[in-house]
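Colleague: Please take me through one part of this model in detail. Keep it brisk, and give me the cut-offs as you go.

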Amino acid sequence: MSENYTKNEKSSKFAAILSQLRKERGSSQKKAAADLGISQALLSHYEKGIRECGLDFVIKCSRYYGVTTDYLLGISGSRYGIDEEYFNRMTNEDENGVSMAAISQGMKILLETALAASESDAVRYLHSYYMLCIYRGALTLAKSGALPSEMFRIDPNIGHELAAAAIAMLDARFVFIEDKSRTGADPFNKTDLHTLVEEAENYLMSIFITE
């Protein structure tokens, strides 16, 4: 009984993930089925968990959607095979004093500031800005071979330039939050956001400003 339950549970996870990935990609069942070399009816059965597929199809889906087979089967929560423990190690500073936790906290402060401003434009601005920055970072990793190129519909070189242009347009069009709407990021109490701003400016000066 327990073996059947486990088997059914795994099949259900695969069906749900398979359907989710197709929808995220914006593909119809007809289009995805054609790309995967099966009938739409069969893909529908797979996505509903009515029928089980073979290992070859799992591998084909893994390549098509750019995720690991473990993620497809519901074994791992990591789409791209990144060790979960890696994220735990990000909170610790390396030998150069760099902590990814500071970036996380800096983003949190910016988002809280935008929300406290009660300006929907501010929230939309930050969402679009971070989305495009993450997209550009993902493109860079894909070009280096660290992420699968199948993730992207737009050519990486073109996508990178378009994202840069879109960020420049956002900056040019948006008038940011006034001082009265700050959430208590007191300039005399240094936060992770202050640290990141200082680090970014030092980095820019080291690259573009010569003595």
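Modeller: A residue is exposed when its relative accessible area is over 50%, buried when it is under 20%, and partly exposed in between (1.4 Å probe, protein chains only). Phe 208 counts as exposed because its relative accessibility is 64%. Phe 208 sits in helix H10, residues 192-208. This is a predicted model: local features need pLDDT of at least 70, side-chain atom pairs count only at pLDDT 80 or more, and totals for chains, interfaces and linings use all residues. Residues are numbered from 1 along each chain as its sequence is written, and side-chain values use heavy atoms, with hydrogens and water left out.

The chain has 10 helices and 0 strands (DSSP runs, H or I of at least four residues for helices, E of at least two for strands, numbered from the N terminus). Of its 211 residues, 26% are buried.

The close look goes to H9.

Gly 159, Ala 163 and Ile 167 of H9 are buried. They line one face of H9, because its buried residues fall within an arc of 75° seen down the axis (directions from the helix axis to the C-beta atoms). An α-helix has 3.6 residues a turn, so residues three or four places apart point the same way. On the other side of H9, Glu 161, Ala 172 and Arg 173 are exposed.

Now the N-terminal end. Asp 155 caps H9 there. One of its side-chain oxygens lies 3.0 Å from the backbone nitrogen of Asn 157.

Technical notes:
Polar contact = N/O pair within 3.5 Å; in protein donor to acceptor, adjacent residues only side chain to side chain.
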